[in-house]
Amino acid sequence: MQDRFDIAVVGAGAVGGSLACGLSELGFSVALIEKTATGADCQPAFDERYFGLSHSTMVALQGLGLWSAMSEEAIAVSRIHISSRGHFGSVMMDARDEGLPSLGHVVPARTIGRVLHEAISERDNIEMIAPATVISASTTQEAAVLELEADGLTRTIMADLLVGADGADSQIRRLFHIGQKRREYNQSALIANLDVQAPNTGLAHERFIEDGAIALLPRPGAGYAAVCAVSNSGADRLMTLNHTEFGAYIQENFGNHISRITTVGERSRFPLALVRSRESVRNRLVLIGNAAHYIHPVAAQGFNLSMRDVAALLETLDKARTRGLHPGTLSVLQEYADWRKQDERAMVAFTDGLIRIFMNPLLPSALLRQQGLLALRYLPGLRGLFARAVTGRLGRQAALMRGVPAAAGNAHG
Ligand SMILES: Cc1cc2nc3c(=O)[nH]c(=O)nc-3n(C[C@H](O)[C@H](O)[C@H](O)COP(=O)(O)OP(=O)(O)OC[C@H]3O[C@@H](n4cnc5c(N)ncnc54)[C@H](O)[C@@H]3O)c2cc1C
């Protein structure tokens with residue numbers, strides 16, 4: 001059993017797991033520490049949700065050698081229909097207009113978890129330590145130090161760099177006394193999987209309603225994964241409905257935009273807030289994914305944004321190594337943080353803008369909503385911006401997001 005690693009990653013969710021695979025490709029030794037037992041049904045990161053992955057996330061997963069196994073259970077999204085109940089002026093976003101084969105893909109979160117854990121178990125330079133409890137975490141000039149409890153034993157691990165990828169309620173962030181900026185939306189997301197009569201054709205829907213928004217992501221086969229982001233009081237009410245009543249609620253909101261709903265699955269509820277860590281890097285420490293930023297799921301961008309964190313971190317660490325710098329060097333991590341700042345701000349502004357314009361029932365906002373849709377429809381520049389945000393092509397792209405594995409990207413400068 002080894003106790004010294006190049007990098008220790010706490011949290012083996014979609015972000016920590018993808019990062020570990022990328023680090024392993026680059027030849028770093030990795031300790032991947034997860035509190036939930038591998039493959040457990042209760043793993044919160046890989047639940048009944050379906051993730052909408054942007055085109056560039058799919059390309060990055062391809063670059064990490066993970067996509068082909070995921071693609072077997074994925075469906076391509078060719079168009080997104082954006083509309084607002086009670087307003088005319090809907091918008092159809094089409095992959096062909098963007099010159100892309102698809103706008104993105106929808107993949108079950110469980111598939112992402114399974115593929116990641118299979119890949120991790122095959123890598124000799126990743127030690128997965130799960131289930132494990134982090135007892136303490138600290139840094140010295142020489143190393144990051146983690147004290148863990150796993151298999152009933154206490155174990156101390158040292159690494160050049162500690163990565164906190166342990167989600168929105170990050171223990172690593174708390175152990176380092178890093179504060180967070182938090183804004184409550186007073187909304188919750190309800191998710192449920194629906195079957196419908198007609199097989200789907202890769203068409204996703206985003207419909208703004210009086211009380212929020214409902215996204216319907218096509219599921220492989222037939223049906224949709226529904227994400228309803230509504231006020232907390234609306235969510236309380238929706239949680240009391242039985243399956244048939246909830247199906248009728250969705251059907252009523254979409255009318256004949258979708259075919260007849262036949263079956264409705266279990267609902268789960270997620271509280272929504274904008275949470276940003278006040279710092280994302282320190283000497284020998286970096287926070288990524290939900291640990292660094294937890295954004296509203298209205299545009300299905302949380303994991304996509306985080307995948308760009310992963311790609312940028314891989315590229316930064318790889319380049320630093322060629323300069324003879326170890327991965328925990330503060331100046332290296334600061335380069336990464338500076339790189340990611342703009343994308344994070346843009347994505348927060350983008351999702352916040354959608355919420356302010358489309359999910360506010362007050363009258364001026366209802367007018368804005370109408371104008372927002374019309375602007376999206378008739379202003380090609382704005383539409384292009386929206387499409388680039390949704391497909392993950394805003395700002396400086398890491399090589400991996402263009403399909404070039406980090407090491408190769410570095411070799412080509
Ligand atoms: C309803 C909803 C729908 C969404 N849909 C989309 C979508 O369609 N597309 C998209 O891009 N994004 C979507 N997102 C956002 C996406 O879920 C997140 O951005 C993404 O899952 C973040 O992953 P993560 O690995 O950073 O965090 P998490 O998924 O929270 O994973 C954290 C991991 O760390 C582990 N962990 C936690 N604490 C500890 C600890 N102390 N020690 C060890 N391990 C620990 C957890 O068990 C977990 O495995 C959605 C979010 C919600 C709420």
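**Close-up 1. Residues around the ligand.** Among the 35 residues around the ligand, those that come nearest are G11, G13, G167, G289 and G302; a residue counts as near if its C-beta atom, placed from the backbone, lies within 6 Å of the molecule. Two or more residues of this shell are given by each of helix 1 (14-25), strand 3, strand 12 (180-196) and helix 8 (302-322). Helices (H or I, at least four residues) and strands (E, at least two) are DSSP runs, numbered from the N terminus. The model is predicted: local features need pLDDT of at least 70, side-chain atom pairs count only at pLDDT 80 or more, and totals for chains, interfaces and linings use all residues. Residues are numbered from 1 along each chain as its sequence is written.

**Close-up 2. Composition of the ligand shell.** Helix 8 provides the largest share of the shell, four residues. By class, the shell has 17 nonpolar, 14 polar and four charged residues. Ala, Val, Leu, Ile, Met, Phe, Trp, Tyr, Cys and Pro count as nonpolar, Asp, Glu, Lys and Arg as charged, and the others, Gly among them, as polar.

Close-up 3. Three strands, in the order 3-7-4, form an open sheet with antiparallel pairing (two strands pair if DSSP finds at least two bridges between them). Strand 3 (50-54) and strand 4 (75-77) stand at the edges with a single partner strand each, so one side of each lacks a neighbour in the sheet.

**Close-up 4. Strands 3 and 7.** Five bridges join strand 3 to strand 7 (residues 104-108), and the two run antiparallel. S54 has G104 in strand 7 as its bridge partner.
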